[in-house]
Protein chains: 2
Amino acid sequence: MQIVKDYGPITGESIAEKLNLTRATLRPDLAILTMAGYLEARPRVGYFYTGKTGTQLFADKIKKMKVEDYQSIPVVVNENVSVYDAIVTMFLEDVGTLFVVDDESLLVGVLSRKDLLRASIGKQELTAIPVNIIMTRMPNIAVCYKDDPLIDVAERLIEKQIDAMPVVRKTEKGYEVIGRITKTNMTKAFVSLAKDDV
Amino acid sequence: MQIVKDYGPITGESIAEKLNLTRATLRPDLAILTMAGYLEARPRVGYFYTGKTGTQLFADKIKKMKVEDYQSIPVVVNENVSVYDAIVTMFLEDVGTLFVVDDESLLVGVLSRKDLLRASIGKQELTAIPVNIIMTRMPNIAVCYKDDPLIDVAERLIEKQIDAMPVVRKTEKGYEVIGRITKTNMTKAFVSLAKDDV
């Protein structure tokens, strides 16, 4: 690494010469340093030093984790269902957040356990109120896309103090819900890093 | 690294000699490789190769993150308060999980938003039911300690499908609740890794 730092870009052959080693002996080490990101290899130019520390390289690796690799299946309800039915759906599907769609299956709202709990201690009859009365509605909904870096979405969940975000596809008419990303997914991503599953 | 692999344990001086460098020139590089965990230095013995890859070293780093560095303040209610009051406390404190204690402040139960939502759609009067009727109770409560590796607790949250765990101190009489660790804390830990705040 010191040689590459001082003389780079430098060919593998020249490095081997300076170290009094054969090219073959050196090859696995150069391969490891390149794979690990400390060195970069350019065809017909040679190796150069990336200047990145192990920690920076790990941060790079985290930034490459995408929403689509960690997202869950979304659970949606129509905006006209009752609060009571939404609560039942939440228990049946065992999720903490429901996405609310209109008759064209476009995203119009989000319902958290907190929203439903607030409604349930009110005085109204839960079977008589449609969810579109109590939901958080567009445009006040944070959304994300399947190609977004997972870590950016994690930061937005923290910043906005929400538990989940819909993963959407943008169409001419509005957003189609294609996934659900939650703090559970983030916790799993955190665990997968330690297990080297990334 | 190749020299240390081949000849280790080897002193810094001997490495410098082999590379035709001075000890002083080499020192910063050896320091970096040692800090990064690729090499280990033993006094009066010299450097040897740890055999760890960058990813293993990162996993080691994650395993050193402790619960106490990421935990939040716990919110507790007495086992005799009503379900209605518990829901109000949950909204006032803006938490997803309450810990239930007895008159000696020892942990006797846990209340999640899900538990409270289930109770609230029942037919009972919420101001008339004490939380100890609906809570998850000891010994069915997963607990953790401030010195536990954060990643182990993250795995247990996933495995047990719960959102939070009390951080406890064990006494002769039972558990004192000293903290709260949630999927929000795990999401923050995940974000801190990418920002190199660990």
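**A cavity and an interface**

Guide: By the rule used here, the count comes to one cavity of 30 Å³ or more. This is a predicted model, where local features need pLDDT of at least 70 and side-chain atom pairs count only at pLDDT 80 or more, while totals for chains, interfaces and linings use all residues. Residues are numbered from 1 along each chain as its sequence is written, chains are lettered from A and ligands numbered from 1 in the order in which they are written, and side-chain values use heavy atoms, with hydrogens and water left out.

Visitor: What makes a space a cavity?

Guide: On a 1 Å grid over the protein atoms alone, a cavity is a set of points where a 1.4 Å probe fits but cannot get out. The volume is the space filled by probe spheres set on the points, which are joined across faces, edges and corners. For the largest cavity that gives about 30 Å³.

Visitor: Which residues line the largest cavity?

Guide: From chain A come A:M90, A:F91, A:D94, A:V95 and A:R113, and from chain B come B:K114 and B:L117. Lining residues have an atom within 4 Å of a point.

Visitor: Why is A:D94 with B:K114 called a salt bridge?

Guide: The term asks for a side-chain nitrogen of Lys or Arg within 4 Å of a carboxyl oxygen of Asp or Glu. In this pair the closest N and O atoms are 2.5 Å apart, so A:D94 and B:K114 qualify.

Visitor: How many residues are in contact?

Guide: Chain A gives 44 residues and chain B gives 44 residues, with contact meaning heavy atoms within 4.5 Å.

Visitor: What is the area buried between chain A and chain B?

Guide: About 4400 Å², and carbon and sulfur atoms give 72% of that. Buried area is the accessible area (1.4 Å probe) that two parts lose on being put together, summed over both. In chain A, A:F91, A:L117 and A:F190 lose the most area to chain B, together 17% of what that side buries.

Methods. 1 Å grid on protein atoms, 1.4 Å probe; cavity = no way out; pocket = protein on both sides within 12 Å on 5 of 7 lines; lining within 4 Å.
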